[in-house]
Structures are given as C-alpha cells and as structure tokens.
Amino acid sequence: MPQTCRLIISAGGAYATLHSAGVPHNTLLYQSVPQVRLLPQVDLFISHGGNNSTNEALSAGRPLIVLPSVWGIAAALRQLWRRDLSPAVWALAANAGFIP
C-alpha cells in the first residue's frame with residue numbers, strides 16, 4: 001500500500017501566484033506558518049537554508065533538506081557539517097560550490 005504524504009508550503013510573497021496556479025490535493029498552502037511550533041510535528045523540513053530555519057530545524061531534531069536560494073547558505077551548511085549531521089549535505093554543497 002503506497003504511503004500518502006502531506007506537504008505544507010509557507011509561500012510568503014509567492015502565495016497569490018501559487019494559489020492561483022493551484023496545488024496538488026495533498027498540499028496545504030499558507031502565506032506563513034508558525035514554523036517553530038510546526039517543526040516538531042513534521043517528518044522532514046525542506047528549507048532555503050537560512051540561518052533561522054536551519055537553527056529551528058536542528059533545535060526540533062528534524063531531518064533537513066537545504067535548497068539554496070539566498071545569501072548565508074554556506075554558513076548554514078557549515079553549521080550542519082560541524083554538527084556531523086550529514087556528510088551527504090557536505091558533498092552536495094561542495095559540488096555546488098557553496099563550500100570550498
């Protein structure tokens with residue numbers, strides 16, 4: 001039996017565009033969410049890798065996938081590596097040129 005997943009998107013300024021385009025039936029779309037309260041309840045957190053989001057995911061003990069899109073990403077990836085959480089993240093970051 002296939003597992004069903006639910007996706008929660010905190011869209012910020014992209015909310016109107018995503019809302020008008022439509023989202024899959026298993027997706028909850030919001031302009032913003034109470035991230036710190038929500039993180040302990042999720043199985044996986046996908047983030048742009050900003051410092052706050054990274055720290056909040058680590059504090060909640062959630063697995064984290066970082067999709068870089070803003071400044072400060074290299075610092076967040078270094079923090080993950082220093083905590084020895086994911087050598088795979090380090091390798092991807094190095095290959096993408098975020099970490100020398």
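Reply: Helices (H or I, at least four residues) and strands (E, at least two) are DSSP runs, numbered from the N terminus. This is a predicted model, in which local features need pLDDT of at least 70 and side-chain atom pairs count only at pLDDT 80 or more, while totals for chains, interfaces and linings use all residues. Residues are numbered from 1 along each chain as its sequence is written, and side-chain values use heavy atoms, with hydrogens and water left out.

Me: How many helices and strands are there in the chain?
Reply: From the N terminus on, the elements run β-α-β-α-β-α-β-α-α. The chain therefore holds, by the definition of DSSP runs given above, elements of both kinds. The count is 5 helices and 4 strands.

Me: Is Ser-53 buried or exposed?
Reply: Ser-53 has its place in helix H3, residues 51-60. Buried means under 20% relative accessible area, exposed over 50%, and partly exposed in between, with a 1.4 Å probe and protein chains only. Because its relative accessible area is 10%, Ser-53 is buried.

Me: Which side chain does Ser-53 join in a polar contact?
Reply: A polar contact is a pair of N or O atoms within 3.5 Å; within protein, one must be able to donate a hydrogen and the other to accept it, and residues adjacent in sequence count only if both atoms are side-chain atoms. Leaving aside neighbours within four places in sequence, Ser-53 is in contact (heavy atoms within 4.5 Å) with Gln-35, Phe-45, Ser-47 and His-48. The polar contact, at 3.4 Å, is with the side chain of Gln-35.

Me: Which residues make up the largest nonpolar core?
Reply: A nonpolar core is a set of buried Ala, Val, Leu, Ile, Met, Phe, Trp, Tyr and Cys residues joined through side-chain atoms within 4.5 Å. Phe-45, one of the members of the largest core, is in contact with residues including Leu-39, Ala-57 and Leu-64, when neighbours within four places in sequence are left aside. The core has 6 residues in all, namely Leu-39, Val-42, Phe-45, Ala-57, Leu-64 and Val-66.

Me: Where does Tyr-30 lie, and what is the separation of its C-alpha atom from that of Ser-10?
Reply: Tyr-30 has its place in strand S2, residues 27-30, and counts as partly exposed because its relative accessibility is 38%. Not counting residues up to four places away in sequence, Tyr-30 touches Ile-8, Ile-9, Ser-10, Ala-11, Gly-12 and Tyr-15. Tyr-30 and Ser-10 are 20 residues apart along the chain, and their C-alpha atoms are separated by 5.1 Å.
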